[in-house]
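Please read this briefing with the sequence and the structure side by side.

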Amino acid sequence: MAELAVVSKLEVNFDFLNAKVRAIHSTMYEGDRLDALLRCRSFSELSQALLAGQVVLSPMALQRRLVEQYANDLAFLWRFLKPPADGLFLALAMRLQLENLKVLLRSHAAGRRAAFEDLPVISLPEPFRWPQLEAAAQMDRPQLLLAIPDAEVRLAASEALALYTDNPIPMYLEAPLDRCYFNRLAEALGRLAAGDRRDIQP
């Protein structure tokens, strides 16, 4: 598993954390609020309903901002959690890390060597960033793969690039990395107490 950036865990009482979780939950769209979104008739109306007062120029930009908001919420809550619950949040964050990696690998496979910040990637907070990979974005393929901090992901990325280079079908690039995510998620769920698993499994 990749080493995490040094981000201090916070000690806090339950009432404080419960209030923070409830505040985050209050921003979720479900029930009547979700029905209201379905009645939006334009992208502008939808973007203002989701991000009031913010200028959003495209559906892609809206999606990216919502995903980054989700990542920030994950990082915030992770700071208050101890094992094994914190591992579940790291597994959820891995999905976002791998989406960024897919963008980077597709760029490399196409022969482009763009700086990481110039790619259409998600801006992730600590502790979810992979700064060594970001720094290696313009390096050659072996150096790029070596910069992936997670050994399982590194192996999957090597497999994905080999498959995708020979057959540029998106599934060949994405499937090995998605397998990593689902494996890590299953492992994190398996470490939780039975009661916690029951609460979050469908």
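By class, 20 nonpolar, three polar and five charged residues make up the lining of the largest pocket; here Ala, Val, Leu, Ile, Met, Phe, Trp, Tyr, Cys and Pro count as nonpolar, Asp, Glu, Lys and Arg as charged, and the others, Gly among them, as polar. The model is predicted, and in it local features need pLDDT of at least 70 and side-chain atom pairs count only at pLDDT 80 or more, while totals for chains, interfaces and linings use all residues. Residues are numbered from 1 along each chain as its sequence is written, and side-chain values use heavy atoms, with hydrogens and water left out.

**The largest pocket**

- The largest pocket has a volume of about 990 Å³, where a pocket is an open set of points on a 1 Å grid over the protein atoms alone, at which a 1.4 Å probe fits, with protein on both sides within 12 Å along at least five of seven lines.
- Grid points are joined across faces, edges and corners, and the volume is the space filled by probe spheres set on the points.
- Of the 28 residues that line this pocket, Ile24, Met28, Leu74, Leu77 and Phe89 are the closest to its centre, and a lining residue is one with an atom within 4 Å of a point.
- Two or more lining residues come from each of helix H1 (14-26), helix H4 (59-78), H5 and helix H10 (194-200), and H4 gives the most, with six residues; helices (H or I, at least four residues) are DSSP runs, numbered from the N terminus.

**The second largest pocket**

- The second largest pocket has a volume of about 240 Å³, and the residues that line it include Met60, Arg64, Glu99, Arg106 and Pro120.
- H4 and H5 each supply at least two residues of this lining, which divides into six nonpolar, two polar and three charged residues.

**Salt bridges**

- A search of the whole structure finds 10 salt bridges, each being a side-chain nitrogen of Lys or Arg within 4 Å of a carboxyl oxygen of Asp or Glu.
- Glu99 forms a salt bridge with Lys102, with the closest N and O atoms 2.9 Å apart, and both residues lie in helix H5 (residues 85-109), three residues apart, about one turn of the helix.
- Glu99 counts as partly exposed because its relative accessibility is 28%, whereas Lys102 is buried because its relative accessible area is 1%; buried means under 20% relative accessible area, exposed over 50%, and partly exposed in between (1.4 Å probe, protein chains only).
- Arg129, which is partly exposed with a relative accessible area of 29%, forms a salt bridge with Glu134, the closest N and O atoms being 2.8 Å apart.
- Arg184 forms a salt bridge with Asp150, the closest N and O atoms being 3.0 Å apart, and this pair links distant parts of the chain, since Arg184 is in helix H9 (residues 170-191) and Asp150 is in the loop between helix H7 (141-146) and helix H8 (151-166), 34 residues apart.
- Both Arg184 and Asp150 are buried.

- Leu92 lies in helix H5 and is partly exposed, with a relative accessible area of 23%.
- Leaving aside neighbours within four places in sequence, Leu92 is in contact (heavy atoms within 4.5 Å) with Tyr70, Leu74, Tyr181 and Leu185.
- The C-alpha atoms of Leu92 and Ala188 are separated by 9.4 Å, and these residues are 96 residues apart along the chain.
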